[in-house]
Amino acid sequence: MEKVKNLIVGCGLSGMVLAERLAAKKKETVLVVDRRPHIGGNIYDYKDESGVTVHKYGPHVFHTNDKKVWDYLSKFTDWHYFMYRVKAVIDGREVNIPFNLDSLYKVFPAHLAGRLEEKLVGKFGFNKKVPILDLRLANDEDLRFLAQYVYEKVFLGYTAKQWGVKPEDLDPSVSGRVPVYTGRDDRYFQDKYQAIPAGGYTKMARIMLADPRIKVKLDTDFGEIRNQVRYERLFYTGPIDEFFDFELGELPYRSLNIRFKRFERACYQSGPQINFPENYDFTRSVEYKYYLDEQAAQTVVSEEYPEPYVTGVNERYYPVPEKKNHELYGRYRQKAAGLKNVYFAGRLGDYKYYNMDETVKRALELFEEIK
Ligand SMILES: Cc1cc2nc3c(=O)[nH]c(=O)nc-3n(C[C@H](O)[C@H](O)[C@H](O)COP(=O)(O)OP(=O)(O)OC[C@H]3O[C@@H](n4cnc5c(N)ncnc54)[C@H](O)[C@@H]3O)c2cc1C
């Protein structure tokens, strides 16, 4: 029977951070298994035959305000500085997302846009992120009109497609949080650090796993080796319900059918991401060469069709934010608390949507706990 100090299930960002820390700081041996044929989990990218770097599981842009996380990942990669700018097609026009002062002038007649700008800046100040809930509550017909417009045109269609439900069936706090920016900042994120690994995510992942104390086994399911490996600690970054053989029931996820297309032309669309809240059955169209500013004669685009997660058919992407699911997760968590030297982490282990920086932070904190 194979013996290791640490067994890590999942070679995504969570598993890789844990492996790297255990090997580098504690000088311990680590076996990382993943049932996929590649490292990196959902941040895996590869060069398409056109020469464009494609993100297999949907577009990933790293952003954080956490200097510790930024400095940590900077040990494994140089960065291609990249500030994300996203547009949505609304009433047939490409508009900045989040909706900002410039968006007003794209979709409304100038006199109405001017009046809305004056009222927004007058009431909330310049360069503020105002949730549409606050606009709805304002004692002003114009601002309430704007709240309804943004709700219907930006939020409603996109959300209905994304979750396959009516927005009112989702957590009500979510729709009210959709922001309008009372400024001209057209970036999707405002974080201090925003970038993409210069050589791609997979290269960064390879460097994170380079320590000779780390062994990686791909195409290997935890279930297959569970009884073949002796370990002192188990870090499980797979789905927590699966770990317990779904004995309390299955945690639902939303999935995506990401359809890739290659075009014989230099450029396909005006920027990296165009959202389609009102048109078509996909939510967004993504053109990959923008992310690393790659020059190629061809271009690669993906369209994302949201669909329910079905075991064996597609991937688990987004935990479904409903109370009963959080409760079910809580019950699994209680079972997990009863296990010794078994640690759950990551978006599947914690049944939580984490941005990459949150994923890294969570794994670094877990490492500190066990240290
Ligand atoms: C469409 C999409 C776009 C995103 N875009 C961004 C973005 O722009 N910016 C950002 O900051 N974040 C983004 N994220 C979030 C980011 O993907 C996550 O933060 C990160 O990938 C989570 O890493 P993880 O290791 O927790 O999970 P994963 O990457 O899913 O890794 C878990 C791994 O465990 C393996 N596994 C599971 N069960 C088993 C088992 N039984 N045996 C063996 N292996 C197993 C899986 O194969 C998988 O490789 C996005 C997420 C999605 C879904």
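This is a predicted model: local features need pLDDT of at least 70, side-chain atom pairs count only at pLDDT 80 or more; totals for chains, interfaces and linings use all residues.
Let us move to the nonpolar cores. The largest one holds 42 residues, and the members that touch the most others are Ile8, Met16, Leu18, Ala19, Val30 and Val32. Helix H1, residues 13-25, gives the most to this core, contributing seven residues. Consider Leu18 in particular: leaving aside residues up to four places away in sequence, Leu18 touches Ile8, Phe235, Ala363, Leu366 and Phe367.

Next, the helix pair. Two packed helices are described by the angle between their axes and the distance between those axes. Helix H2, residues 67-74, packs against H13 at an angle of about 90°, and the axes are 10 Å apart. The two helices, H2 and H13, are therefore roughly perpendicular to each other. On the H2 side, the contact involves Val69, Tyr72 and Leu73; on the H13 side, it involves Asp357, Val360, Lys361 and Leu364. Of these contact residues, five are nonpolar, two are charged and none is polar.

I close with two residues. Is Ile132 buried or exposed? Ile132 has 24 C-beta neighbours inside 10 Å, and a residue with 20 or more counts as buried, so Ile132 is buried. Ile132 belongs to helix H5, residues 132-137. Although 44 residues separate Ile132 from Gly176 in sequence, their C-alpha atoms are 5.5 Å apart in space. Gly176 is also among the residues that Ile132 touches, together with Ala147, Val150, Tyr151, Val178 and Val180, when residues up to four places away in sequence are not counted.

The second residue is Glu49, found in the loop between strand E3 (45-47) and strand E4 (53-55). Glu49 has 8 other C-beta atoms within 10 Å, and the limit for exposed is 12 or fewer, so Glu49 is exposed. Its C-alpha atom is separated by 44 Å from that of Val130, which is 81 residues away along the chain.

Methods: Residues are numbered from 1 along each chain as its sequence is written. A nonpolar core is a set of buried Ala, Val, Leu, Ile, Met, Phe, Trp, Tyr and Cys residues joined through C-beta atoms within 7 Å. Helices (H or I, at least four residues) and strands (E, at least two) are DSSP runs, numbered from the N terminus. Two residues are in contact if their C-beta atoms, placed from the backbone, lie within 7 Å. Axes are lines fitted to C-alpha atoms, for helices over the stretch in contact, and angles run from 0 to 180 degrees between N-to-C directions. Angles under 35 degrees count as roughly parallel, over 145 as roughly antiparallel, 65 to 115 as roughly perpendicular and the rest as oblique. Ala, Val, Leu, Ile, Met, Phe, Trp, Tyr, Cys and Pro count as nonpolar, Asp, Glu, Lys and Arg as charged, and the others, Gly among them, as polar.
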